[in-house]
Amino acid sequence: MNPVLTIAIPTYNRAALLDKQLTWLAKSIKGFESECEIIVSDNCSEDNTQEIVKKWQSFLPTTTFHINKNSENVGVMKNIAYCIKAATSKYVWTISDDDIIADNTISYLINTLKKEPDLALLILNFSCRHEVTGELLYQRCYKLHHEQIEHDGESAFERCIQENRSGVQLMSAQVYKTELAQSALQKWTNGVKNLDYQVYLTGFCAFHGSVKITKDTFLENAFGASHWMVKPKILLKMQYTYSPEVNIKLQEIGYSKLFCSQLILQHFTDNNWRVFFGALRRWPIMAITTIIPYFGLVCTSLLESVIAQQEMELKTSHLTSLRNKKISL
């Protein structure tokens with residue numbers, strides 16, 4: 001039997017967290033061992049990660065279990081990309097080693113993916129807790145009253161990213177049709193240099209098929225746990241270089257120029273400017289060289305948005321005029 005789902009875990013120097021996640025996986029995969037494959041990609045860890053992986057590999061003898069260790073740290077996105085490229089099942093689910101995932105998630109995924117084999121993307125709803133304070137920031141990323149298959153994946157993605165970018169950004173919440181995710185990697189190969197690449201992959205899969213977003217939450221994410229959030233220089237790049245670049249790249253997939261321009265403008269108005277001003281005090285040259293192209297992009301997007309709105313208004317006015325002429329005749 002060909003596996004339905006690849007469960008891939010990219011990891012680096014977090015053996016204790018990986019051990020905990022594989023403990024969850026060994027428990028939750030019971031009954032679905034032959035329908036899953038497991039990939040653990042070690043980004044050249046210096047701790048006892050390999051020891052942990054091999055221990056759990058021996059505990060799961062009936063499940064295809066691949067171990068990869070990079071010869072050097074290739075970066076987080078290249079490690080994630082490896083997991084997607086290496087997947088051989090119909091769907092691939094790349095999960096973090098530190099997200100808390102519900103015990104029934106694998107059974108839900110296998111049953112849903114077998115029932116709905118044409119899905120291009122399945123998004124798992126999740127809660128978010130502040131890593132330092134322990135405060136629950138929100139119970140559900142998406143406040144859905146019911147779940148359904150959305151055949152217009154493009155519209156579903158547009159709604160999701162505008163409502164909460166974290167929903168399409170969080171790695172553990174995305175389950176991709178493997179062939180689509182692999183095609184996305186091929187279309188934008190340099191995306192592995194962008195830490196917001198996950199949004200592009202999600203947008204690509206959504207654009208090319210149907211989408212399902214779960215009503216119930218299946219995992220808990222820790223806000224502040226991402227390495228780019230605790231490193232000020234990387235956070236600056238994330239805010240003013242990586243995310244804006246992805247917003248523009250979505251247009252190459254097929255999303256409208258108006259939508260992509262509106263994402264840039266939404267990013268500008270909703271942005272946390274303390275990141276920039278903090279960087280300006282500490283690294284003025286870096287902050288200025290980062291912000292100048294960002295402002296240029298915002299100005300261009302504003303102009304394009306105005307032009308697109310005017311074109312839509314003219315088109316609507318023209319159609320209305322044609323209808324009125326038909327009525328008068």
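Helices α8 and α9 are roughly parallel to each other; angles under 35 degrees count as roughly parallel, over 145 as roughly antiparallel, 65 to 115 as roughly perpendicular and the rest as oblique. This is a predicted model: local features need pLDDT of at least 70, side-chain atom pairs count only at pLDDT 80 or more, and totals for chains, interfaces and linings use all residues. Residues are numbered from 1 along each chain as its sequence is written, and side-chain values use heavy atoms, with hydrogens and water left out.

Start with that first pair. Two packed helices are described by the angle between their axes and the distance between the axes. Helix α8 covers residues 197-207, and helix α9 covers residues 232-253. Their axes come within 10 Å and cross at roughly 25°. Axes here are lines fitted to C-alpha atoms, for helices over the stretch in contact, and angles run from 0 to 180 degrees between N-to-C directions. Helices (H or I, at least four residues) and strands (E, at least two) are DSSP runs, numbered from the N terminus.

The crossing of α8 and α9 is right-handed. A crossing is right-handed if the near helix is turned clockwise from the far one by less than a right angle, and left-handed if anticlockwise. From α8, the contact (heavy atoms within 4.5 Å) takes Y197, V199, Y200, G203, F204 and F207. From α9, it takes V246, K249, L250 and I253. By class, these residues are eight nonpolar, one polar and one charged. Ala, Val, Leu, Ile, Met, Phe, Trp, Tyr, Cys and Pro count as nonpolar, Asp, Glu, Lys and Arg as charged, and the others, Gly among them, as polar.

Now follow α9 to its other partner, α10. Helix α10 spans residues 257-270. The axes of α9 and α10 come within 8 Å and cross at roughly 165°. That makes the two helices roughly antiparallel. Their crossing is right-handed. On the α9 side, Q239, S243, P244, N247, I248, L250 and Q251 take part. They meet K257, F259, C260, L263, I264 and H267 of α10. This contact has seven nonpolar, five polar and one charged residues. L250 of α9 is listed in the contact with α8 and in the contact with α10.

Turn to the cysteines. The whole structure holds zero disulfides (a disulfide is a pair of cysteine sulfur atoms within 2.5 Å). For C36, the nearest cysteine sulfur is that of C83, 15 Å away. C36 is buried, at 2% relative accessibility. Buried means under 20% relative accessible area, exposed over 50%, and partly exposed in between (1.4 Å probe, protein chains only). For C160, the closest cysteine sulfur is in C141, at 7.7 Å, too far for a bond. C160 is buried too, at 1% relative accessibility.

Two loops remain. One lies between β1 (5-11) and α1 (15-28), and N13 sits in it. N13 has a phi near 55°, a positive value in a residue other than glycine. Its relative accessible area is 29%, which means N13 is partly exposed. R14 is found in the loop between β1 and α1 as well. R14 is partly exposed at 29% relative accessibility. Not counting residues up to four places away in sequence, R14 touches D47, T49, S96, D97 and D98.

The other loop runs between β2 (36-42) and α2 (49-59), and C44 is found there. Phi of C44 is near 65°, a positive value in a residue other than glycine. C44 is partly exposed, at 22% relative accessibility.
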